[in-house]
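Thanks for making time this morning. I would like to go through one model with you, beginning with the way one of its chains folds and ending with a few backbone details.

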Amino acid sequence: MSLTPERLTELKRQAINLRRHVVESVHHAGAGHLGGPMSAADMLIALYFEVLNIDPADPHKADRDRFILSKGHSSIGLYSVLALRGYFPLEELKTFDAIDSRLQGHPAMDMLPGIDMSSGSLGQGLSPGLGMALAARLKGESFHTYVMLGDGDSQEGQVWEAALVAGRYRVDNLTAILDLNGLQQYGWATDTGYGDLARKPPQENPEARWQSFGWNTISINGHDIKQFIDACSRAKAEHDGPTIIIAHTTKGKGISYMEDDFNWHSKPVTDDDLKQAQEELAAQEAALV
Amino acid sequence: MKTLHLPLTLGDTLKAQRDAFGDTLVELIDQDERVYVLDGDLANSTKADKVSRERPARFLQMGIAEQNMMGVAAGMASCGLIPWLSSFACFLVNRDLDQLRVVVAQPNLPVKIAGAYSGLLTGKTGKTHQEVSDLSVMRAMPNMTVISPADAVEVRAAMIATNDSDGPVYIRMTRDPETVAFPDDYTFEIGRTIVVREGSDVTIFSTGAQTMRCLQAADLLAANGISAHVVHVPTIKPLDAEGIAEAAARTGRVVTAEDHTIIGGLGGAVAEALGELQPTPMRRVGIRDTFGESAANEDLLAKYGITPEHVADAARALL
């Protein structure tokens with residue numbers, strides 16, 4: 001996959017747009033998750049603008065690539081990229097979490113076209129992804145399935161059931177993406193306890209763990225769009241079993257006061273918070289040119 | 001829905017519901033290219049092993065990992081396939097309940113859940129393996145269709161009727177060979193109640209294999225000059241509330257009978273329906289808020305109070 005410098009700059013601009021929509025939507029709704037959508041933002045943009053074979057005008061197309069957000073609490077990140085990609089008007093982001101909205105707190109496939117699988121109860125995304133990959137194999141279809149996991153999400157035992165079975169079936173049309181942002185809602189104490197923001201990571205040595213379950217691993221910087229797109233190409237070209245892209249990321253990435261602070265996992269955005277975030281994002285956008 | 005009147009008599013033929021499950025899976029596979037079987041490593045108990053031998057391309061071993069199995073089924077169903085799950089009711093209902101809730105029931109995907117070894121009669125495996133609250137749990141889940149067939153013929157008919165239905169289906173099945181009473185040409189309709197014995201003194205509602213014991217109870221009552229109206233309720237949800245109210249009004253006395261807890265299953269569902277539509281004096285025959293134990297079938301039926309004699313006693317108490 002060749003990526004021109006102009007295209008890369010455009011994707012970076014869209015990632016800034018995504019972060020802007022996330023923070024504005026959560027500000028408007030008065031509630032929502034922020035840290036997770038921010039760590040996933042660059043990968044979500046790369047997936048929906050470059051990697052996935054999809055058609056926003058035909059969201060149920062049978063041979064489309066599938067994407068599952070196992071860390072479903074990052075829903076506003078997914079809604080923002082779907083809106084930016086043209087699945088629905090950007091204006092609809094204002095309905096996030098409101099009564100009768102298609103944009104539920106956690107993604108609901110029965111409510112919003114473009115959501116390939118419902119999620120939100122953690123640890124549940126990889127299994128349906130395996131089901132889709134097996135369905136493609138059984139039906140002789142060529143679509144590829146991508147599942148984005150969180151590092152907290154991966155503490156659920158079901159993830160490892162799915163990892164084990166996917167390894168046994170040697171599915172090569174399934175790519176997992178681990179958004180390894182290093183934090184979860186409250187987290188595990190350091191040796192000095194819970195006194196400050198420091199936490200032990202949600203996953204220890206994920207590369208070795210996934211390899212031991214029969215997966216290929218590719219480790220990257222999840223905020224480097226080019227690295228991520230290259231990793232997706234390599235994963236798709238791998239024909240010996242499933243591959244996981246272990247993406248090292250920063251929770252809250254892009255908004256200085258959110259970065260690496262577990263409190264921004266989910267938190268209302270004040271008017272002042274919004275203003276500062278918008279200024280920081282505007283500065284990042286100005287620096288692109 | 002119009003109630004079916006189908007007088008049944010207990011014959012001499014015995015067949016296990018699980019054998020009908022295995023046979024019918026092969027039949028469905030041959031008729032429908034979308035059908036696949038996912039097994040939680042119990043195929044040689046549930047009898048889905050017939051598929052593994054005769055139609056191996058349609059059999060996917062998922063191992064001892066029910067949560068993943070339910071999720072895989074959701075993914076396959078979202079791609080247009082019809083997955084049938086093979087495991088014990090106790091695991092399919094409890095172990096992966098959150099997966100059923102979030103990725104199957106909420107998006108209303110057509111996953112077919114075949115709960116084998118339901119009720120008390122599980123071959124001396126005891127309370128860990130006896131599932132006596134599945135009807136209550138499944139009935140409370142939005143979008144679920146919940147079916148509890150009486151015999152092997154009705155298992156087949158219910159599988160044929162639900163294979164192509166929208167949304168998730170739970171079919172409760174038993175382990176051991178029991179009397180077959182339904183005729184081979186019987187057609188299952190989701191939500192239909194069936195009068196299997198006409199009577200005028202007391203109405204007995206029953207579900208699952210317990211309906212066969214209720215026919216025996218009706219014989220016991222007939223010997224006392226009591227005419228029992230026996231209504232088989234194979235679909236616990238959607239419940240035929242109007243048909244149930246009508247059958248209750250006919251005699252003014254109601255007994256419910258099930259190999260299941262009296263809390264929230266058939267007895268609960270009938271009480272809820274009659275409470276709103278046709279308040280009627282009633283007795284619930286079933287397991288009374290307790291877990292079971294491992295023992296011979298006849299001992300379990302007797303100790304936990306679900307023999308034909310128990311049903312007849314409950315009916316007499318209302319007269």
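Predicted model: local features only at pLDDT ≥ 70, side-chain atom pairs only at ≥ 80, totals over all residues.

Let me begin with chain B, where, among contacts between residues at least 6 apart in sequence, 81% join residues at least 24 apart; two residues are in contact here if their C-beta atoms, placed from the backbone, lie within 7 Å. Residues are numbered from 1 along each chain as its sequence is written, and chains are lettered from A and ligands numbered from 1 in the order in which they are written.

The secondary structure of chain B comes to 13 helices and 15 strands, these being DSSP runs numbered from the N terminus, with helices (H or I) of at least four residues and strands (E) of at least two. Chain B has a radius of gyration of 19 Å, close to the 20 Å that the globule rule gives for 319 residues, so it is as compact as a globular protein of that length; the radius is taken over C-alpha atoms, and the rule is 2.2 Å times the number of residues to the power 0.38. Along the principal axes, the C-alpha atoms of chain B fill a box of roughly 55 × 40 × 35 Å. Of its 319 residues, 60% count as buried, where buried requires 20 or more other C-beta atoms within 10 Å of a residue's own, exposed 12 or fewer, and partly exposed a count in between, with C-beta atoms placed from the backbone.

Now to the backbone details. Most residues other than glycine have a negative phi, and most peptide bonds are trans. The peptide bond from Lys237(B) to Pro238(B), however, is cis, with omega near 0 degrees, and Pro238(B) sits in the loop between strand S13 (235-237) and helix H10 (241-251) of chain B.

Lys124(B), which is not a glycine, has a positive phi near 60 degrees, and its place is in the loop between strand S6 (112-116) and helix H7 (134-139) of chain B. With 12 C-beta neighbours inside 10 Å, Lys124(B) counts as exposed. Asn143(B), also not a glycine, has a positive phi of about 75 degrees and is found in the loop between H7 and strand S7 (145-147) of chain B; with 16 other C-beta atoms within 10 Å, Asn143(B) is partly exposed.
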